[in-house]
Amino acid sequence: MPTGADVITCMGCLWDTHLWTDATHINRWSGHRMRLIRCARCYVDLLRVRDVVLHATSTTIRPHHLER
């Protein structure tokens with residue numbers, strides 16, 4: 001689990017970034033949970049197609065980074 005302003009490699013686009021989010025996607029039919037550690041841009045894209053619950057963000061993220 002990254003903390004603060006750690007630089008991570010996004011599992012969606014493979015970019016190294018300090019603007020990360022930690023979220024969980026829950027499959028409606030099976031109840032299966034999938035952890036998603038993504039950059040802010042990939043997280044916003046996920047909101048369009050999936051139900052995700054945001055748990056934590058990097059300390060460098062501002063509200064405009066998470067706008068759709």
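## Sheet, helix and charged pairs in a predicted model

At 4% relative accessibility, aspartate 22 counts as buried, because the cut-off for that class is under 20%. The model described here is predicted. The account starts from the salt bridges and then moves to the sheet, the helix and the core.

### Salt bridges

How many salt bridges does the structure hold? There are 2. In one of them, the side chain of aspartate 22 meets that of arginine 35 at 3.0 Å, N to O. Aspartate 22 belongs to strand β3 and arginine 35 to strand β4, so this pair ties together parts that are 13 residues apart in sequence. Arginine 35 is partly exposed, with a relative accessible area of 47%.

Aspartate 51 and arginine 28 also meet through their side chains in a salt bridge, at 2.5 Å from N to O. This pair links distant parts of the chain: aspartate 51 is in the loop between α1 and β5, arginine 28 is in the loop between β3 and β4, and 23 residues separate them. Aspartate 51 counts as partly exposed at 37% relative accessibility, while arginine 28, at 64%, counts as exposed.

| Residue | Relative accessibility | Class |
|---|---|---|
| Aspartate 22 | 4% | buried |
| Histidine 25 | 17% | buried |
| Arginine 28 | 64% | exposed |
| Arginine 35 | 47% | partly exposed |
| Arginine 50 | 33% | partly exposed |
| Aspartate 51 | 37% | partly exposed |

### The sheet

Three strands are arranged as an open sheet in the order β4-β3-β5, with antiparallel pairing. Which strands stand at the edges? They are β4 and β5; each has a single partner strand, so one side of each is left without a neighbour in the sheet. On average, and with direction ignored, neighbouring strands of this sheet are turned by 25 degrees against each other.

On one side, 7 bridges join β3 to β4 (residues 33–39), and the two run antiparallel. Within this pairing, alanine 23 stands opposite leucine 36, and histidine 25 stands opposite methionine 34. The two strands form a hairpin with 6 residues between them, and glycine 31 in the turn has a positive phi of about 80 degrees.

The pairing of β3 with β5 (residues 52–57) is also in the antiparallel sense, over 5 bridges. Here threonine 24 has valine 53 of β5 as its bridge partner.

### Helix and core

Helix α1, residues 40–49, lies across β3, β4 and β5 and runs at about 135 degrees to β4. Its buried residues are Ala40, Cys42, Tyr43, Val44, Leu46 and Leu47, and the buried residues of α1 pack against β3, β4 and β5.

The largest nonpolar core has 6 residues: Ala23, Leu36, Tyr43, Leu46, Leu47 and Val52. Helix α1 supplies the largest share of this core, 3 residues. Beyond its neighbours within four places in sequence, tyrosine 43 is in contact with Thr21, Ala23, Arg38, Val52, Leu54 and Leu66.

Histidine 25 has its place in strand β3. Is histidine 25 buried or exposed? With 17% relative accessibility, histidine 25 counts as buried. Its side chain reaches the backbone oxygen of aspartate 51 at 3.0 Å. Apart from neighbours within four places in sequence, the contacts of histidine 25 are His32, Arg33, Met34, Leu36, Arg50, Asp51 and Val52.

Arginine 50 lies in the loop between α1 and β5 and is partly exposed, with a relative accessible area of 33%. With neighbours within four places in sequence left aside, arginine 50 is in contact with His25, Met34 and Leu36. Arginine 50 and threonine 21 are 29 residues apart in sequence, and their C-alpha atoms are 15 Å apart in space.

Technical notes: Residues numbered from 1 in each chain as written. Predicted model: local features only at pLDDT ≥ 70, side-chain atom pairs only at ≥ 80, totals over all residues. Heavy atoms only, no water. Pairing = 2+ DSSP bridges. Helix = DSSP H or I, 4+ residues; strand = E, 2+ residues; numbered from the N terminus. Axes fitted to C-alpha atoms, helices over the stretch in contact; angles between N-to-C directions. Contact = heavy atoms within 4.5 Å. Buried < 20%, exposed > 50% of the residue type's maximum accessible area, 1.4 Å probe, protein only. Polar contact = N/O pair within 3.5 Å; in protein donor to acceptor, adjacent residues only side chain to side chain. Core = buried A, V, L, I, M, F, W, Y, C linked by side-chain atoms within 4.5 Å. Salt bridge = Lys/Arg side-chain N within 4 Å of Asp/Glu carboxyl O.
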